[in-house]
Amino acid sequence: MEKRAKSLRLRNMNIGSHIVLILWSVIVMFPLYIMIVNSFKDRLSIYANPYGLPKKWNFSNYTDVLKSGDFFRYFLNSLTVVLISLALILIIGSMVSYALSQWRGKWSHGLFLFLIMGMMLPIKIASIRLLEMMRAFHLLNTIWALIPIYVAMGIPIAVFILTEFIRQIPNELLEASRIDGAGRFMTLITIVIPMLKPALATVAIYNLVPFWNDLWFPLIFINDENQKTLLLGVTRLFGQYQTDWSKVLAVLTLSSLPVLILYLLMSRQFIKSMTSGAVKG
């Protein structure tokens, strides 16, 4: 009887958790559904029936967007900024985290706390000072002004996640590498980095979405049409008196594809990172 009651409780918990997950999935997917469905309508159909499927699927919104050379220029600018920023965050973050995990001095913990304080302080509060710095470095009106900002935004969370993962690596494994003649840098490359793949995927996914969807810093730093990012370029479609929402939603749908593709490519490592340590034995 006791085993049956326990099994019944576990079954009810599973049913409850599935209901919560289904409701949450509906809440998350509903805006995506609205965006994708309305991107295949004309402007007037959106106002007439924003929630239903289109009576006639209109693909001209996508063809008009793709025929415009501006879309591919904006897309390439965003892709360049995001990929370079993520690469620098992963490289710098892994090196700093490895150094902090191996440093046993009395200042190591304080330096670690100092670095992760960046997670608590929004970088946008320093926008005016950052604008002055970019002007001093002659980076205004270029996509290169965004990269140091994004790297500074991503380093704290990278150090926080990667340091904890590196500390879980057995010291015996690292000592064996040093005994075999490998230096610290070679140990990092050959031993630590391969074991950090789930954590690196977590850091990349965590930073990918805010970088790709950022409008604040491109709006402040960039006025040159050739240097605009994708989301900043979308603002061109907003008119003073009317806006062609069908084309706006088509651009937003296309802009979401790289994020979804990169997430799918890294999702296995991301899930592995989230579940590491959940099961022992």
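## The largest cavity

The largest cavity is lined by S78, V81, V82, L146, Y150, F211, W212, D214, T229 and L231. A cavity here is a set of points, on a 1 Å grid over the protein atoms alone, where a 1.4 Å probe fits but cannot get out, and lining residues are those with an atom within 4 Å of such a point. Two or more residues of this lining are given by each of helix 4 (69–102), helix 7 (146–167) and helix 10 (197–212), and helix 4 supplies the largest share, 3 residues. The helices are DSSP runs of H or I with at least four residues, numbered from the N terminus.

About 40 Å³ of space lies in the largest cavity, where a volume is the space filled by probe spheres set on the grid points, which are joined across faces, edges and corners. By class, its lining has 7 nonpolar, 2 polar and 1 charged residues; Ala, Val, Leu, Ile, Met, Phe, Trp, Tyr, Cys and Pro count as nonpolar, Asp, Glu, Lys and Arg as charged, and the others, Gly among them, as polar.

## How the model is read

This is a predicted model, in which local features need pLDDT of at least 70 and side-chain atom pairs count only at pLDDT 80 or more, while totals for chains, interfaces and linings use all residues. Residues are numbered from 1 along each chain as its sequence is written, and side-chain values use heavy atoms, with hydrogens and water left out.

## Salt bridges

A search of the whole structure finds 5 salt bridges, each being a side-chain nitrogen of Lys or Arg within 4 Å of a carboxyl oxygen of Asp or Glu. In one of them, the side chains of K247 and D64 meet at 3.5 Å, N to O. This pair links distant parts of the chain, since K247 belongs to helix 13 (residues 245–275) and D64 to helix 3, 183 residues apart. K247 is partly exposed, with a relative accessible area of 22%, and D64 is also partly exposed, at 36%; in these terms buried means under 20% relative accessible area, exposed over 50%, and partly exposed in between, with a 1.4 Å probe and protein chains only.

Another salt bridge joins the side chains of R129 and E132 at 3.0 Å, N to O. These two are 3 residues apart in helix 6 (residues 127–136), and they are therefore separated by about one helical turn. R129 is exposed, with a relative accessible area of 53%, whereas E132 is partly exposed at 39%. The side chains of R167 and E164 likewise form a salt bridge, at 3.3 Å, N to O, and, being 3 residues apart in helix 7, they too are separated by about one helical turn. Both are partly exposed, R167 at 38% and E164 at 33%.

## The buried side of helix 3

In helix 3 (residues 60–67), N61, Y62 and V65 are buried. They lie on the same side of the helix because they cover an arc of only 95° around the axis, an arc taken from the directions from the helix axis to the C-beta atoms.

## A residue of helix 8

L173 lies in helix 8 (residues 171–179) and is partly exposed, at 37% relative accessibility. Leaving aside its neighbours within four places in sequence, L173 is in contact, meaning heavy atoms within 4.5 Å, with I191 and M195. From L173 to V192 there are 19 residues in sequence and 9.6 Å in space, C-alpha to C-alpha.

## The loop between helix 6 and helix 7

N141, found in the loop between helix 6 and helix 7, has a positive phi of about 65° although it is not a glycine, and N141 is partly exposed, at 31% relative accessibility.

Definitions and conventions
1 Å grid on protein atoms, 1.4 Å probe; cavity = no way out; pocket = protein on both sides within 12 Å on 5 of 7 lines; lining within 4 Å.
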